[in-house]
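Here is a friendly walk through one protein chain, written for someone who likes to know how each value was computed. Have the viewer open as you read.

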Amino acid sequence: NKKIYIIANSITKSGSKKLLKVGANKTLSAVEISGKRMAYLMIKPNIISFLDVATKIGDVELDLEEVVVKKDSYLENKNLIQAQIPKKTGLIVLAIKKIEDGKMIFNPPVDYQFKIGDILIVLGKEEQVDKLRHLGDEIK
């Protein structure tokens, strides 16, 4: 079924390749992830602290969220600076996944023009994300 997005757990690299070959879209290895995290805790503890905050492991309630640019939305045909997302919502735009080629733009330039279907990766509180999703609703 091409409509199902499959994520599979693999213990080995060869297992990961086999799972991808038989239809998984993405594979993860719990052993590899935990090993990398332990190494980073030793050599880059401040980065792990930041990621803990961003992924709700710590005490601060911040979310990494996806916001899709929809037809007739506030973001349609605006660029990042025109949208004033940090000013209007308090969110940080970390990246944009472009609709036309699926590429991810990290720390997007202020003149990036949003297109319908682009996906914004934002960091902030749940109510800030909700505010972004509903910007401009009061004008319609």
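## Thr89 and its surroundings

The side chain of Thr89 makes a polar contact with the backbone nitrogen of Leu91, at 3.1 Å. A polar contact here is a pair of N or O atoms within 3.5 Å; within protein, one must be able to donate a hydrogen and the other to accept it, and residues adjacent in sequence count only if both atoms are side-chain atoms. Please keep in mind that this is a predicted model, in which local features need pLDDT of at least 70 and side-chain atom pairs count only at pLDDT 80 or more, while totals for chains, interfaces and linings use all residues. Residues are numbered from 1 along each chain as its sequence is written, and side-chain values use heavy atoms, with hydrogens and water left out.

Thr89 belongs to helix 5, which spans residues 85–89. Helices (H or I, at least four residues) and strands (E, at least two) are DSSP runs, numbered from the N terminus. Is Thr89 buried or exposed? Thr89 is buried, as its relative accessible area is 7%. The cut-offs are under 20% relative accessible area for buried, over 50% for exposed, and partly exposed in between (1.4 Å probe, protein chains only). Once neighbours within four places in sequence are set aside, the contacts of Thr89 are Gln128, Lys131, Leu132 and Leu135, where contact means heavy atoms within 4.5 Å.

## Ser16 meets Thr27

Leaving out neighbours within four places in sequence, Ser16 touches Ser10 and Thr27. With residues up to four places away left out, Thr27 is in contact with Ala8, Ser16, Leu19 and Leu20. Thr27 also gives a handy distance to check: Lys13 is 14 residues away in sequence and 9.6 Å away in space, C-alpha to C-alpha.

## Two positive phi values

Asn77 has a phi near 65°, a positive value in a residue other than glycine. This residue lies in the loop between strand 3 (63–68) and helix 4 (80–83). Asn77 counts as exposed, at 53% relative accessibility.

Gln84 has a phi near 50°, also positive in a residue other than glycine. The loop between helix 4 and helix 5 holds Gln84. At 32% relative accessibility, Gln84 counts as partly exposed.

Asp63 lies in strand 3 and is buried, with a relative accessible area of 10%. Between Asp63 and Lys2 there are 29 Å in space, C-alpha to C-alpha, and the two are 61 residues apart in sequence.

Ser49 is part of helix 3, residues 45–54. Ser49 is partly exposed, with a relative accessible area of 42%. Ser49 and Asn77 are 28 residues apart in sequence, and their C-alpha atoms are 36 Å apart.

## The chain as a whole

How many helices and strands does the chain have? The count is six helices and six strands, and their order from the N terminus is β-α-β-α-α-β-α-α-β-β-β-α. The chain is more spread out than a compact globule, because its radius of gyration is 18 Å, well over the 14 Å that the globule rule gives for 140 residues. That radius is taken over C-alpha atoms, and the rule is 2.2 Å times the number of residues to the power 0.38. Along the principal axes, the C-alpha atoms fill a box of roughly 55 × 40 × 25 Å.

Of the 140 residues, 30% count as buried. Among contacts between residues at least 6 apart in sequence, 53% join residues at least 24 apart. The accessible surface is about 10100 Å², and 59% of that belongs to carbon and sulfur atoms; the areas come from the Shrake-Rupley method with a 1.4 Å probe, and for residues only the protein chains shown count as cover.
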